[in-house]
Amino acid sequence: MTSFLDPLISFVAAHPWLAYLTLFLAALLEAVPVVGSVIPGSTIILALSALVPGGELALPWVLLAAALGAVLGDGSAYWIGHRRQREILTTWPLTNYPRVVEESESFFHRFGTWAVFFARFVPPIRAFVPVTAGALGMAPAKFYTVNIPAILVWAPAHVLPGMLAVSALHEYAGLHHHGHVGKHIWILTVVAGAIVLGVAVWIYRRRNGSVAEAKPRA
């Protein structure tokens with residue numbers, strides 16, 4: 001894995017605009033219904049944030065790319081729902097994910113306007129709440145009043161941990177930036193954590209689905 005990461009880091013250093021484009025697309029696609037439930041946008045952003053302390057990427061551009069992608073992704077999903085109303089929730093491909101659609105509706109009804117804020121930090125509901133907000137008739141002004149501040153919190157929350165962790169490794173563990181060791185540790189930790197979390201969520205959903213099916217119907 002280290003032999004793969006070193007050329008990747010060097011490539012990003014030589015072509016940073018590709019990394020910014022990747023960050024933008026990761027944030028955008030993560031907000032698209034259905035697609036966002038399989039695209040590891042947060043993992044990509046967390047991993048690439050490790051390249052800020054060494055100067056391969058610039059913090060302002062990383063934050064801007066992630067925030068713009070999220071605004072465009074959430075906004076597009078919201079306007080699709082706003083235009084088609086509840087019809088969109090019973091249309092393909094959302095019909096293939098009835099449980100997540102139901103969870104996003106319940107999430108929206110439970111938290112109201114704040115669901116748009118909280119959903120930004122809760123995958124995979126994050127990919128369904130904007131379209132649900134539009135479908136359920138949430139006013140555009142109200143949506144953006146909550147959505148944009150949520151993104152302005154979400155972007156630093158995904159970028160700063162990697163930047164601070166790698167900086168701490170270099171500062172307090174005596175690791176050098178040019179050796180990429182701190183970057184390796186952070187990127188591998190993020191990827192491993194994402195895999196473990198994904199498996200745990202899959203097992204949880206599978207067990208809950210089995211229990212629900214096993215309950216006798218009245």
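I started with the salt bridges in this predicted model. My count came to two salt bridges.

I looked up the Glu30 pair. The side chain of Glu30 meets that of Arg126, with N to O at 2.9 Å. Glu30 sits in helix α2, and Arg126 is in the loop between α6 (114-119) and α7 (129-135). They are 96 residues apart, so I noted a link between distant parts of the chain.

Next I took Arg120 and Asp74. Their closest N and O atoms are 2.9 Å apart. Arg120 has a relative accessible area of 2% and is buried. Asp74 is buried as well, at 2% relative accessibility.

Then I turned to the nonpolar cores. I found 21 residues in the largest one. Among those with the most contacts inside it are Tyr20, Ile45, Leu51 and Trp154. Which helices supply at least two residues each? I listed α1 (2-14), α2 (16-30), α3 (41-48), α4 (59-84) and α8 (140-172).

Beyond its neighbours within four places in sequence, Leu51 is in contact with Ile9, Val12, Glu56, Leu57 and Lys183.

Last, I logged a second, separate core of 14 residues. Phe108, Ile125, Met138 and Val146 are included in that second core.

Definitions and conventions: Residues are numbered from 1 along each chain as its sequence is written. This is a predicted model: local features need pLDDT of at least 70, side-chain atom pairs count only at pLDDT 80 or more; totals for chains, interfaces and linings use all residues. Side-chain values use heavy atoms; hydrogens and water are left out. A nonpolar core is a set of buried Ala, Val, Leu, Ile, Met, Phe, Trp, Tyr and Cys residues joined through side-chain atoms within 4.5 Å. Buried means under 20% relative accessible area, exposed over 50%, partly exposed in between (1.4 Å probe, protein chains only). Helices (H or I, at least four residues) and strands (E, at least two) are DSSP runs, numbered from the N terminus. Contact means heavy atoms within 4.5 Å. A salt bridge is a side-chain nitrogen of Lys or Arg within 4 Å of a carboxyl oxygen of Asp or Glu.
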